[in-house]
Number of protein chains: 4
Amino acid sequence: MIIVMKNGVTAEQINEVARHIESWGARAHVDRGEIQTVIGVIGDKAEILRKPWGSFAGVEKVLEVSDPFKMASRKFHPTDTVIDVEGVKIGGGHTCVIAGPCSVDTEEYVLAIAKAVKASGAKMLRGGAFKPRTSPYTFQGSGEDGLKILQTVKKETGLPIVTEVMSVDQIDLVYRYADVIQVGARNTQNFNLLKAIGKMNKPVILKNGIATTAKEHLMSAEYIMSEGLKDVILCLRGTRSYETAMRNSLDVALIPYLQELSHLPVIVDSSHSTGARAYVNPVAYAGMAAGADGLILEVHPKPHEALSDGEQALLPRDFEYLMRKLDDLKPFSQKDWVKFDGENGAK
Amino acid sequence: MIIVMKNGVTAEQINEVARHIESWGARAHVDRGEIQTVIGVIGDKAEILRKPWGSFAGVEKVLEVSDPFKMASRKFHPTDTVIDVEGVKIGGGHTCVIAGPCSVDTEEYVLAIAKAVKASGAKMLRGGAFKPRTSPYTFQGSGEDGLKILQTVKKETGLPIVTEVMSVDQIDLVYRYADVIQVGARNTQNFNLLKAIGKMNKPVILKNGIATTAKEHLMSAEYIMSEGLKDVILCLRGTRSYETAMRNSLDVALIPYLQELSHLPVIVDSSHSTGARAYVNPVAYAGMAAGADGLILEVHPKPHEALSDGEQALLPRDFEYLMRKLDDLKPFSQKDWVKFDGENGAK
Amino acid sequence: MIIVMKNGVTAEQINEVARHIESWGARAHVDRGEIQTVIGVIGDKAEILRKPWGSFAGVEKVLEVSDPFKMASRKFHPTDTVIDVEGVKIGGGHTCVIAGPCSVDTEEYVLAIAKAVKASGAKMLRGGAFKPRTSPYTFQGSGEDGLKILQTVKKETGLPIVTEVMSVDQIDLVYRYADVIQVGARNTQNFNLLKAIGKMNKPVILKNGIATTAKEHLMSAEYIMSEGLKDVILCLRGTRSYETAMRNSLDVALIPYLQELSHLPVIVDSSHSTGARAYVNPVAYAGMAAGADGLILEVHPKPHEALSDGEQALLPRDFEYLMRKLDDLKPFSQKDWVKFDGENGAK
Amino acid sequence: MIIVMKNGVTAEQINEVARHIESWGARAHVDRGEIQTVIGVIGDKAEILRKPWGSFAGVEKVLEVSDPFKMASRKFHPTDTVIDVEGVKIGGGHTCVIAGPCSVDTEEYVLAIAKAVKASGAKMLRGGAFKPRTSPYTFQGSGEDGLKILQTVKKETGLPIVTEVMSVDQIDLVYRYADVIQVGARNTQNFNLLKAIGKMNKPVILKNGIATTAKEHLMSAEYIMSEGLKDVILCLRGTRSYETAMRNSLDVALIPYLQELSHLPVIVDSSHSTGARAYVNPVAYAGMAAGADGLILEVHPKPHEALSDGEQALLPRDFEYLMRKLDDLKPFSQKDWVKFDGENGAK
């Protein structure tokens, strides 16, 4: 960490800052420059980083040198994390497509969808029994009945179940039925929920928040991992923007960026990023082209009758079309590029 | 609600949409224009608004005519809501300044702050015992010990207590000590928490989310109110922006905007919107000038030692300076303007 | 256009609006609903759309039914525009990769780059002689000397030249050397420049603005086209966001979105969207996967010595690697999907 | 400037960076930390700051210590700039309200507006003769006829004229009529225009861009000032946001922030920030409360008939009401606060 002092800072003000640095267990390296005085802090413990340096007289700004995430960071865990869900692997070169309805409605529909997406190559089934909705007057999810339908469909198809948990008090119930837990965009920074999930032992798909940065997304993964759980899948579902053409704005550059910073798998949810069926497939395809470890997509045979988000549902045949296209796609691999590029290669 | 059909829409596609509208209990009014065909939906029930109209063939887009909030709306409750907390009133012309430390640390400090802000004119005491932090490695709050300190300080000073609840499982504990419950920006769309709070009987300060719009902020109030609770205070703490000068970006235009749309009181948190002591006071003053019903501000005598957010803490004498300035301020009242302006007046 | 009236609107206020609609040459269709009164405006001329409807008493809001762009719209020109630059085609199934240095520096370097990118498959050469820079103290471009270098390199390699024009007074000079004119992000809404370019007869690459929406991007194309020029290439270079990981944020969903709304070719500039060499290639590849009509990329053999934007320059061998990967890529074609999907197919 | 090196950086990579720093005329101070190696650059010349440090192997990121603006900075010019326009002063404690129509239409209207706003206390008249509009099919301004009307009205009322120049080729014409030149939001980063204006000798009102940061706004002022002109007024008109309630989002915290960083006057344009008459007055009042040096507002007696932006026009009596309210307002002065606060005072 580097503390930049204001023009005209006094020796006393510099000493006051340096004194506090040392009293908090680090060392201060004062560099009185011709233009500006800066104080380097040697031995950056997390607590020191969080001290209110801006409240000291004479301080202009604080520049952070290192990132605050550790367990999620590739610096501390250089090899890719591979997550195994009943034999289905994701990460480290294993890709995985997850598909299913937005909300669980009838067993008939969910089973039909599950069979269709499995036939097309999906390896897990998604479906929400608890739904976060912006209006209290709309469908809030089918609850345990929905979870039971998922369980039945799993028995028939063998597909592991991905479903959302919205609050700490739902954990006991949802964990009885789910194979993989999903944390939605409105809960990405629900820190109590993250900590509770981190104490459990099932893999988690952690979506980015409505307006989180990539590094905040990693800090939320860190919350989970700091409690012990290692199996976190980062899911990009786009962030809020002034662009109204799409429901959210998803930058595929964040796929290689997160893979560079972190060893965790990164998947793309183009159903929520676009919010409209016509764009789900090209963005999913582009995400895999950019090197994503997988996809999570919404599929429904009768979108008019879907209990939520029908606009963005793919028809089963749309999904099949995408999967066929993906068979022929050779993703852009940063690792291959680096290998090709040799020592001075791509970062 | 108005459904705009695409160029070249077929009669069959129009009929399909109209048929569904009627089957869902509303009436369809088809207007075949020279340029574009639109279908008006008469009898907009909430459920119909949420149907996936975009998934029908031939539909270009859907235009919503009316807002989805009801209990929070001034249309359904024309007079200002006045909230009474042990005799302290807010709303309907009653203004209220709330102040205190970001986090509860020692009884000595909290008591000193409480006495100081009371002497300057604050009417309630804020202080967090549970803290949402982006890093799991920083101070997470003092918990029940902190709540007990707040209780002791209330006994000494008589100031009602405002404190945050972060999750459903904290409700029992926090409600034993708090007079007013605060919902923070990361929980604005934690719908399970909102519903649980709506079933309780203490006033709530509901902050806007990291990147919510004003109407989404009102929808979150609606979640609480739909469960029965009427006493909701809307708090503006800024939203995320590409501008990095401030921690967040707060548009004071939203004060009269929310007051026009809703009957609920609107207060300003310029500690969190600016994130830096130097700007807290001018923004607080400007917020009151624009007609806010109150303020919630962070004050600490030794910001270097504050357990969180020291950069944005006002010193007690800064707070006193602000309160003296506020004594002389005549806020801009939309109602006075309308009265002055007569019948054709300001909307 | 539909004008939504407020609750409690009077008959007189409705008549006042209707009277103005008719006086401006359109017809008013008043629909007094149970909940809300709306006025449909039949015969939407552009000028009527722009009247200050919000300033009439009783008006709540105005909903636009149709988009304001015409010549850029696929509604008015259903077939893809194909642009031909000395035999190099772009649009309508013809893809084209443009590459070269950010700024023109020495003839030696530009020639070396041109030969390298041509060998790898680039079909046009880009290079800036006039540079928009945020600081007046940095390199502002090599001016006519740079243009002459481009001309010389064109003679040697045969590659058509793409270069930027920053203001109306540069047009005469730049048009003597350029084959394709580039309009940069800071000039996307420089309407005087757009009109002047629209009167000339060379193809234009129009970048989106720092924070324009896709529809505003099309409106800027409309400015050019309304003056007579038909050959406009839309270029996506990302928009500003609170995400700081990348220089800008680029949503590949806008590629099929713009292609659906407009008949103009859409290309991707992942050098400027990412701002960092490591992410240029995967985003370029993903953009082509999503169906882009081409790329425009920065290449430099010695990025340390580049006069601008060295961080985002690809090395010639990076570019070659990308071009080899692109040989094997089968883009996701919306048209093929629709064909596969049949009548009820993807919108 | 500080260059942060990656984990695992080699001695050779460090030397390569250091060698380049020295070759470009600065000194390198290498600090091999326990966690991270950083290289301080002593003697930051602007050109060195702009070198592509990110393109060197082993570099993780670059932290800028000092701001790139000089002439606009208070560091280099500690006292407030006071601008004098025919005896009307702005800055350094002198406030000034500018009002008038958005577009110049008829002499009758402009004269009536000018007389009305002068009677209420406005000190300059604004009015656009050249209009930047997002659609080429809407009114583009009255051109020289409009400028002549402004001249006539100035003769009658004595109010100095503020009007916009949109491009370099309009400068000769507009400078014959204008007393103060306005640069609009779409031209804030039209660097050729800024440089041309900087060579002229009339004061400039420089609006922030659609999505510029406060520091970029200052860099655009620097462009003008680097050519010689000293009289620049910074105007805040809001920036783009995902919030759709207002036309733009204006954070009043930027008023004291800009005044701290720069010696230039800062004024508020709440007509364009809000885009709706009902919010113009409260935001204008709040802006002055936060310490702005002035306002620029749109006034029209018949908003329905205004040629542009009628929704946001104040009626003359709305403007009068605001001016009466401003008479009683005591702005929040950062300087008074610092004086009150003494040595350890507000930054």
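1. Conventions. Because the model is predicted, local features need pLDDT of at least 70 and side-chain atom pairs count only at pLDDT 80 or more, whereas totals for chains, interfaces and linings use all residues. Residues are numbered from 1 along each chain as its sequence is written, and chains are lettered from A and ligands numbered from 1 in the order in which they are written.

2. Chain A as a whole. Chain A holds twelve helices and 14 strands, where helices (H or I, at least four residues) and strands (E, at least two) are DSSP runs numbered from the N terminus. Its C-alpha atoms fill a box of roughly 75 × 50 × 40 Å along the principal axes. Of the 347 residues in chain A, 57% are buried, a residue being buried if 20 or more other C-beta atoms, placed from the backbone, lie within 10 Å of its own, exposed if 12 or fewer do, and partly exposed in between.

3. The assignment divides chain A into domain 1 (2–63) and domain 2 (83–336), with bounds that come from an automatic or database domain assignment. The C-alpha centres of these two domains of chain A lie 44 Å apart. Two residues are in contact if their C-beta atoms, placed from the backbone, lie within 7 Å; among contacts in chain A between residues at least 6 apart in sequence, 65% join residues at least 24 apart.

4. The barrel of chain C. In chain C, eight strands form a closed barrel in the order β7-β8-β9-β10-β11-β12-β13-β14, with parallel pairing, and two strands pair if DSSP finds at least two bridges between them. From one strand to the next the twist averages 25°. Strands β7 (residues 96–100) and β8 (residues 124–126) of chain C run parallel and are joined by two bridges, with Ile98(C) opposite Met124(C) in β8(C). Helix α10(C) lies across β13 (266–268) and β14 (294–298) of chain C, at about 170° to β14(C); such angles run from 0 to 180 degrees between N-to-C directions, with axes fitted as lines to C-alpha atoms, for helices over the stretch in contact.

5. The barrel of chain D. Chain D also has a closed barrel of eight strands, β7-β8-β9-β10-β11-β12-β13-β14, with parallel pairing, and here the twist averages 25° from one strand to the next. Three bridges pair β9 (residues 161–164) with β10 (residues 180–183) of chain D in the parallel sense, and Val162(D) has Val180(D) in β10(D) as its bridge partner. Helix α7 (residues 214–225) of chain D packs on the sheet, where α7 touches β11 (204–207) and β12 (232–236) of chain D, and its direction makes about 155° with that of β12(D).

6. Where chains C and A meet. Chain C and chain A each give 44 residues to their contact. On the side of chain C, the elements that give two or more residues are α8 (254–261), α9 (270–274), α10 (277–289), α11 (316–327) and α12 (334–341). The most comes from α10(C), with nine residues. This side of chain C divides into 24 nonpolar, ten polar and ten charged residues; Ala, Val, Leu, Ile, Met, Phe, Trp, Tyr, Cys and Pro count as nonpolar, Asp, Glu, Lys and Arg as charged, and the others, Gly among them, as polar.

7. How the copies are related. Chain B can be laid on chain D by a turn of 180° and a shift of 0.0 Å along the axis, with an RMSD of 0.1 Å, which is the relation of a two-fold axis.

Notes. Copies are superposed by least squares on the C-alpha atoms of residues with pLDDT of at least 70 in both.
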